[in-house]
Amino acid sequence: MLFVCDMHIHIGSAGNRQAVKVTASKDLTFANIAKEAAERKGIDVVGIIDCASPRVIADIEEMIDTGEMLPLDGGGLRYREAVTVILGSEVETREPGGGMSHHCSYFPDIRALKAFSAIMEQYITNVNLSSQACGLSAAELFRIAEGCEGVMVPAHCFTPHKSPYGACVERMAKMFGDAWERIPAIELGLSADAFLADRIQELSDKSLLSNSDAHSLPKIGREYNILQMEQASFAEFAKALWRQDGRRVEANFGLDPRLGKYHRTYCEDCGHIALGEPPVPACERCNSTNITRGVLDRIVQIADYAEPHPPEHRGPYQYQVPLQFVPGVGSVALNRLINRFGSEMAVLHQATRAEIGQAVGEKVADLIIAAREGALRLQAGGGGRYGRAVTKDTSQIRLPGIS
Ligand SMILES: [Zn+2]
Ligand SMILES: [Zn+2]
């Protein structure tokens with residue numbers, strides 16, 4: 001069976017309103033994520049990656065006690081027969097050379113998660129907060145996660161500030177040593193896609209995940225994966241990453257990487273986002289070398305191949321423009337569409353132009369269809385600024401709802 005899975009979602013606060021991720025929306029609680037995925041997004045499996053916070057653990061235990069969350073035999077928690085939650089934790093590591101990177105570890109059950117949390121408490125100053133620095137290297141974190149039955153996936157692997165390729169190394173095999181072959185998958189991040197990752201040879205064995213890294217409820221599902229599994233559970237998820245017994249990542253649905261916040265090199269002095277042939281070593285406009293290197297620029301710099309070399313097992317990578325990114329779709333139109341079609345996925349992939357037009361008018365329907373067909377012109381993002389959709393009449397429209 002095929003399942004829609006978004007495996008990187010943050011928590012803003014615990015059920016009692018205590019902060020978990022300061023920069024994330026307060027509505028992003030453990031319970032609300034499951035509800036949003038079930039009722040509005042049409043997502044089958046969510047990986048919540050701030051679960052090692054004792055504040056979140058308390059929420060999870062309460063939901064298990066009240067029967068709202070049902071522990072599954074294969075690991076994971078079932079919510080209302082609709083959504084499976086996989087418990088995860090994103091942690092920041094530091095290499096001996098100083099580079100920092102993020103890694104998401106996923107755990108079968110609350111027991112394994114609590115064991116991981118208890119160990120990490122020794123290394124993290126405030127284990128209640130999200131994506132905290134632990135001072136360990138990525139290889140050291142891997143051993144702890146593995147010891148707690150976790151599966152670790154390096155996160156948003158190419159972004160400039162906190163990622164393996166963006167901030168630490170040219171080859172992850174070097175960073176992880178022996179552990180590299182015990183890592184089944186990597187996460188691409190919003191500014192990269194499979195075509196770019198497949199220019200690096202050491203990734204050919206790895207499954208690729210495209211996840212939302214959502215810091216607010218509407219952003220859940222802006223990237224997701226279609227996984228072939230027998231059922232939605234932790235054990236099946238792990239098998240899919242390892243491509244065992246016919247389980248696999250069947251397809252990735254992600255943003256066109258130009259819409260990501262770090263696609264091209266950005267000048268910190270004059271704000272220019274590079275346009276020319278990558279890699280760009282200095283600002284094209286003011287010559288400054290005070291730059292934040294773009295994901296595309298970095299990949300071209302370290303690539304083994306000038307063209308993508310997708311391995312046999314790689315599924316298709318499908319671009320999608322989430323409704324939030326479509327010019328003209330405000331919150332009123334968004335709610336009307338979701339109420340009419342049941343979920344954002346149904347609007348993005350199934351609803352016809354005529355049906356969308358009836359719900360929100362012809363103009364918006366045209367834009368949604370143009371986005372679906374890849375007909376919107378895009379201007380690349382960089383330095384923490386999202387890319388933009390540019391409508392056909394060339395009047396530039398800033399993407400709504402995005403900081
Ligand atoms: Zn991160
Ligand atoms: Zn400049």
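The domain assignment divides the protein into domain 1 (2–257) and domain 2 (322–403), the bounds being taken from an automatic or database domain assignment. This is a predicted model, in which local features need pLDDT of at least 70 and side-chain atom pairs count only at pLDDT 80 or more, while totals for chains, interfaces and linings use all residues. Residues are numbered from 1 along each chain as its sequence is written, and chains are lettered from A and ligands numbered from 1 in the order in which they are written.

The C-alpha centres of domain 1 and domain 2 are 27 Å apart. Nine residues of domain 1 are in contact with ten residues of domain 2, where contact requires that the C-beta atoms of two residues, placed from the backbone, lie within 7 Å. On the side of domain 1 that touches domain 2 there are two nonpolar, two polar and five charged residues; in this classification Ala, Val, Leu, Ile, Met, Phe, Trp, Tyr, Cys and Pro count as nonpolar, Asp, Glu, Lys and Arg as charged, and the others, Gly among them, as polar.

### Strands and their pairing

Helices (H or I, at least four residues) and strands (E, at least two) are DSSP runs numbered from the N terminus, and two strands are taken to pair if DSSP finds at least two bridges between them. The table lists pairings of this kind.

| Strands | Sense | Bridges |
|---|---|---|
| strand 1 (residues 2–9) and strand 2 | parallel | three bridges |
| strand 2 and strand 5 (residues 83–94) | parallel | four bridges |
| strand 1 and strand 10 (residues 224–228) | antiparallel | four bridges |
| strand 10 and strand 11 (residues 248–254) | antiparallel | five bridges |
| strand 5 and strand 6 | antiparallel | eight bridges |
| strand 6 and strand 7 (residues 151–154) | antiparallel | four bridges |

Strand 1, helix 1 (residues 30–41) and strand 2 form a right-handed β-α-β unit; a crossover is called right-handed if, with the strands pointing away from the viewer, the path from the first strand over the helix to the second runs clockwise. The hairpin of strand 5 and strand 6 has five residues between the strands, and within this hairpin G98 takes a positive phi near 110°.

### Burial and the nonpolar cores

A residue is buried if 20 or more other C-beta atoms lie within 10 Å of its own, exposed if 12 or fewer, and partly exposed in between, with C-beta atoms placed from the backbone. Strand 6 (residues 100–107) is mostly covered, with seven of its eight residues buried.

A nonpolar core is a set of buried Ala, Val, Leu, Ile, Met, Phe, Trp, Tyr and Cys residues joined through C-beta atoms within 7 Å. The largest such core has 91 residues, and those with the most contacts inside it are I33, V46, I48, V85, F116 and F237. Another core, of 25 residues, lies apart from it and includes L323, I356, L367 and Y386. When neighbours within four places in sequence are left aside, V85 is in contact with A34, V46, I48, M69, G76, L77 and Y79.

### Loop residues and backbone geometry

E81 lies in the loop between strand 4 (77–79) and strand 5, and has a positive phi of about 60° although it is not a glycine. E81 counts as exposed because it has 7 C-beta neighbours inside 10 Å.

The loop between strand 12 (266–267) and strand 13 (291–292) holds P279, and the peptide bond from P278 to P279 is cis, with omega near -5°. N287 is found in the loop between strand 12 and strand 13; its phi is near 70°, a positive value in a residue other than glycine. N287 is exposed because 10 other C-beta atoms lie within 10 Å.

Q122 lies in the loop between helix 3 (110–120) and helix 4 (138–147), and with 9 C-beta neighbours inside 10 Å it counts as exposed. The C-alpha atoms of Q122 and C134, twelve residues apart along the chain, are separated by 8.7 Å.
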